[in-house]
Amino acid sequence: ITDVYRLRLGLPYVPVEDMMTPERVMRCFGTEMMAQRHKGPCAMGVDVGKIKHVVIGTKTGTDQYEVIKVIAVSKWNDIHDLARKYNVKSAVIDIRPYEDAATNFRQAEPYRIFLCEYKENFPNGTEYNTKSGIVKQQRTEIHDATHRLIDEQMIKFPRRSPVMDLFTKQYCNTAKILEEDKRTGVDVFRYRVQKKALGDHFRQATNYFLLAARGGRLATVTDYDAVPQDAISEYAII
């Protein structure tokens with residue numbers, strides 16, 4: 001049916017399984033407010049721009065995770081303060097568009113940080129280089145992984161709030177599209193942003209959070225030890 005729409009009718013078509021929906025994301029919402037602080041150990045993902053979108057959480061089991069903080073901040077020092085409050089031990093940060101600033105931040109922090117460089121065609125899937133501090137990641141693969149986290153309810157989010165509504169919209173603003181690779185002429189699946197004005201910043205931050213948390217990069221938290229966030233400041237953007 002994809003070929004019928006795309007090749008015969010010249011219309012875009014995305015199968016429902018290749019596009020996330022708000023209803024599926026909200027199935028992973030819990031009843032807890034965002035935590036004001038946490039004893040950790042926590043992982044952090046940061047999508048970098050003029051505004052930095054941050055996702056912080058814990059690993060609760062084998063490929064099981066809980067997000068405890070979702071926020072947008074304006075300064076690198078804001079991220080430093082968040083890392084201290086949530087006892088971040090592992091982080092992955094977008095390497096671009098401010099590579100120098102991200103590198104300087106990485107070098108100034110005491111915990112383990114990798115800068116993420118997406119690759120469209122990367123045979124290894126994921127490659128962490130401890131010397132350079134760069135993780136190379138096949139872009140479609142990590143999007144598939146965070147898509148599966150939602151579908152299989154392997155991740156838990158804080159309860160619904162204005163910032164979580166924005167998180168949900170951005171999380172669902174990418175779709176897996178079959179398109180022709182201009183270099184090879186072969187049809188490949190790629191995730192594309194659907195509404196550019198909305199962006200997908202919190203989806204990318206979740207991708208980076210997963211890279212920081214999965215495998216042996218973060219110890220598992222077996223008990224919840226967080227201080228609930230104030231109901232007003234929960235929605236603030238620093």
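Of the 238 residues of the protein, 50% count as buried, where buried means under 20% relative accessible area, exposed means over 50%, and partly exposed lies in between (1.4 Å probe, protein chains only). This is a predicted model, in which local features need pLDDT of at least 70 and side-chain atom pairs count only at pLDDT 80 or more, while totals for chains, interfaces and linings use all residues. Residues are numbered from 1 along each chain as its sequence is written, and side-chain values use heavy atoms, with hydrogens and water left out.

The secondary structure comes to seven helices and twelve strands. Helices (H or I, at least four residues) and strands (E, at least two) are DSSP runs, numbered from the N terminus. Residues 24 or more positions apart account for 65% of the contacts with a separation of 6 or more; a contact means heavy atoms within 4.5 Å.

Two packed helices are described by the angle between their axes and the distance between the axes. Axes here are lines fitted to C-alpha atoms, for helices over the stretch in contact, and angles run from 0 to 180 degrees between N-to-C directions. Angles under 35 degrees count as roughly parallel, over 145 as roughly antiparallel, 65 to 115 as roughly perpendicular and the rest as oblique.

The axes of helix H6 (residues 162-171) and H7 come within 6 Å and cross at roughly 85°. That makes H6 roughly perpendicular to H7. On the H6 side the contact consists of Val163, Leu166, Phe167, Gln170 and Tyr171, which meet His201, Phe202, Arg203 and Thr206 in H7. The residues of this contact divide into five nonpolar, three polar and one charged. In this classification Ala, Val, Leu, Ile, Met, Phe, Trp, Tyr, Cys and Pro count as nonpolar, Asp, Glu, Lys and Arg as charged, and the others, Gly among them, as polar.

For helix H5 (residues 139-151) and H7, the axes come within 10 Å and cross at roughly 90°. H5 and H7 are therefore roughly perpendicular to each other. From H5, the residues Arg139, Ile142, His143, Ala145, Thr146, His147 and Leu149 meet Arg203, Gln204, Thr206, Asn207, Leu210 and Leu211 in H7. By class, the contact of H5 with H7 has five nonpolar, six polar and two charged residues.

Lys119 is found in strand S6 and is partly exposed, with a relative accessible area of 28%. With the same exclusion of residues up to four places away, Glu120 touches Gln138, Arg139, Thr140, Arg190 and Arg192. Glu120 and Gln138 are 18 residues apart in sequence and 5.7 Å apart in space, C-alpha to C-alpha.

The peptide bond from Gly40 to Pro41 is cis, with omega near 0°, and Pro41 sits in the loop between strand S1 (35-38) and strand S2 (42-47). The bond from Arg96 to Pro97 is also cis, with omega near 15°; Pro97 is in the loop between strand S5 (88-94) and helix H4 (99-108). Positive phi values in residues other than glycine occur at Asp63, near 55°, and at Asn87, near 50°. Asp63 is placed in the loop between strand S3 (52-61) and S4, and at 24% relative accessibility Asp63 counts as partly exposed. Asn87 is found in the loop between helix H3 (76-85) and S5, and Asn87 is partly exposed at 25% relative accessibility.

A cavity is a set of points, on a 1 Å grid over the protein atoms alone, where a 1.4 Å probe fits but cannot get out, and lining residues have an atom within 4 Å of a point. Grid points are joined across faces, edges and corners, and a volume is the space filled by probe spheres set on the points. The count comes to one cavity of 30 Å³ or more, and the largest cavity has a volume of about 40 Å³. Eleven residues line the largest cavity, of which Glu32, Met33, Glu66, Val67 and Pro158 lie nearest its centre. Strand S4 (residues 64-73) supplies the largest share of this lining, three residues. By class, the lining has eight nonpolar, no polar and three charged residues.

Conventions: 1 Å grid on protein atoms, 1.4 Å probe; cavity = no way out; pocket = protein on both sides within 12 Å on 5 of 7 lines; lining within 4 Å.
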